[in-house]
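Work through the exercises below with the coordinates loaded. Each task is followed by a stepwise solution.

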Amino acid sequence: MSYITVKDLSVGYDGVAVEKNINFTVEKGNYLCIVGENGSGKTTLMKTLLGLRSPLSGQIEYGDGLKKNEMGYLPQQTVVQKDFPASVKEIVMSGFEGSAGLRPFYTKAEKEEAAANMERMGISDLAGRFYRELSGGQQQRVLLARALCATKKILLLDEPVSGLDPLVTAQMYELIAGLNKDGVTIIMISHDIEAAVKYASHILHIGSDIFFGSKNEYLKSSAAKGFLATEKGGEN
Amino acid sequence: MLFEKLALYMQYPFVRYALIVGVLIALCSSLLGVTLVLKRFSFIGDGLSHVAFGAMAVATVAGLSNDMLIIMPITVLSAILLLKNGQNARIKGDAAIAMISVGALAFGYLLMNLFSTSSNVSGDVCSTLFGSTSILTLTKEEVALCIILSIVVLLIFILFYNKIFAVTFDENFAKATGVKADGYNLLIAVTIAVIIVLAMNLVGSLLISALIIFPSLSAMRIFKSFKSVTVCSALLSVFCAFFGIIISIVAGTPVGSTIVAMDAAVFAVCYIIGIIKY
């Protein structure tokens, strides 16, 4: 049984499908990149996987010990968050709320785990700092540490490098690759097709053509040829 | 001289009641205010207070002895509806609130004019809108009710503090990881409705949102973590309510507007501190 099995899924808003007939599976330990043109429904698909939207039709099955609320999420930043008064520690700790049930306060074990996750993300020295004073890359690390507090099984990342400069972007990709190496399954939305091809084990391309397969299969596919060509063309 | 006068006033139970109730309401409204401001829901406080005004008019016209029975459920219900609407579509929610709040205001005034038994309609309306002397005429039972509800609000806030933070900072993440975010939003909406109904006695329905948003905005000028903003906002609000009531008693000014003027002055001070500090 796979972590996530998606069958004939349609996603969209208010009953209007943005993307239809999506089929793919995610196995434990995979690194899946979701690529596709703007507006092709990548974020909507991710929100549907997370249970934030209900699918218009089709099925999503969770298996292999993964429960629906065991998925960590790194959303695109909202305007509200950029100016939010919160310390790094407060944000990282909030990752535990999903598993806390009605318990009002954090346990000692949770505090230690939060410290360990901050260490892992290289932000221990920022623990007492304030979120809105951090750089974009630091903020993403804080949100990653929070996601790790919620789960160690799978992380869904929605364009984790948007707005970061090239050096920080490269560091971010290495950090995510490191997590994947440690056994965390990754599903990442990316505009950066080169990075997707470099780091991912599998690619899901959505848009006019839907493709799902391993990275090597993708590079030979027609979906990739058209997309890679336009991406390259767009950059030059 | 001034202190003697104060000491004299303090001997009267109605002054002590007003201070107790005023401080408690200010405390409760400032706590939830941080969340409302950060969630960009400040306008909900404003809309709800107008709904409460309309409900109060209905209760007055219906001749109920205890108007809480009508005001509380109507306001709570509106809070739930407004919050739900506000989540689905922010812009539509904005318009909906503007519509509901002015609608309720007009409807309330109309009712009071058509069916009023009192000889001084505009006086009644004015005191409901801007806060009356009713804070100085509280009965023991009203004070007890206010104390109990305030304790409930405080307990809810403390017990759910971490969850309120999680839902305020990132609702999608909270939902995805299994926090019952909709439930907590509902809790926040209901609590804010209760606070608004309580606060109507203190500052009147037009000025309630000031009590909710000023302290948290002031605190956000100076502090940068959620906890320090919350604590500072509560302290500022209590400070303004306490001294606002004292000043209004000593100087004979209207209670509600004096408190709000204090809040505004404190905001100005915090704003300047914020500019100097950063």
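The model is predicted, so local features need pLDDT of at least 70 and side-chain atom pairs count only at pLDDT 80 or more, while totals for chains, interfaces and linings use all residues. Residues are numbered from 1 along each chain as its sequence is written, chains are lettered from A and ligands numbered from 1 in the order in which they are written, and side-chain values use heavy atoms, without hydrogens and water.

**Exercise 1.** Describe the contact between chain A and chain B by residues, area and polar pairs.

Step 1. Taking contact as heavy atoms within 4.5 Å, 35 residues of chain A and 28 residues of chain B take part.

Step 2. The size of an interface is often given as the accessible area lost when the parts come together. Buried area here is the accessible area (1.4 Å probe) that two parts lose on being put together, summed over both. Between chain A and chain B this gives about 2,700 Å², with 63% from carbon and sulfur atoms. A:Phe84, A:Pro85 and A:Glu90 supply 21% of the area that chain A buries against chain B, more than any other three residues.

Step 3. A salt bridge needs a side-chain nitrogen of Lys or Arg within 4 Å of a carboxyl oxygen of Asp or Glu. Three salt bridges join chain A and chain B. In the one between A:Arg146 and B:Asp170, the closest N and O atoms are 2.8 Å apart.

Step 4. Helices (H or I, at least four residues) and strands (E, at least two) are DSSP runs, numbered from the N terminus. Helix 6 of chain A gives the most to the side of chain A that touches chain B, with four residues.

**Exercise 2.** Is A:Glu110 buried or exposed, and which residues is A:Glu110 in contact with, leaving aside neighbours within four places in sequence?

Step 1. A:Glu110 lies in helix 5 (residues 108-120) of chain A.

Step 2. Its relative accessible area is 8%, so A:Glu110 is buried (under 20%; exposed is over 50%, partly exposed in between; 1.4 Å probe, protein chains only).

Step 3. Beyond those neighbours, A:Glu110 is in contact with A:Met93, A:Phe96 and A:Arg103. The side chain of A:Glu110 also reaches the backbone nitrogen of A:Thr107 at 3.0 Å.

**Exercise 3.** Which helix of chain B gives the most to the nonpolar patch?

Step 1. Nonpolar patches join side chains of Val, Leu, Ile, Met, Phe, Trp and Tyr within 5 Å, from residues with over 30% relative accessible area and no salt bridge. The patch covers about 590 Å², and its residues include A:Phe105, B:Ile20 and B:Leu155.

Step 2. Helix 7 (residues 140-159) of chain B gives the most, with five residues.

Step 3. B:Leu155 is in helix 7 of chain B and, at 46% relative accessibility, counts as partly exposed.

Note on methods
Patches are made of residues with over 30% relative accessible area and no salt bridge: like charges are joined within 9 Å, nonpolar side chains (Val, Leu, Ile, Met, Phe, Trp, Tyr) within 5 Å. Accessible areas come from the Shrake-Rupley method with a 1.4 Å probe; for residues, only the protein chains shown count as cover. A polar contact is a pair of N or O atoms within 3.5 Å; within protein, one must be able to donate a hydrogen and the other to accept it, and residues adjacent in sequence count only if both atoms are side-chain atoms.
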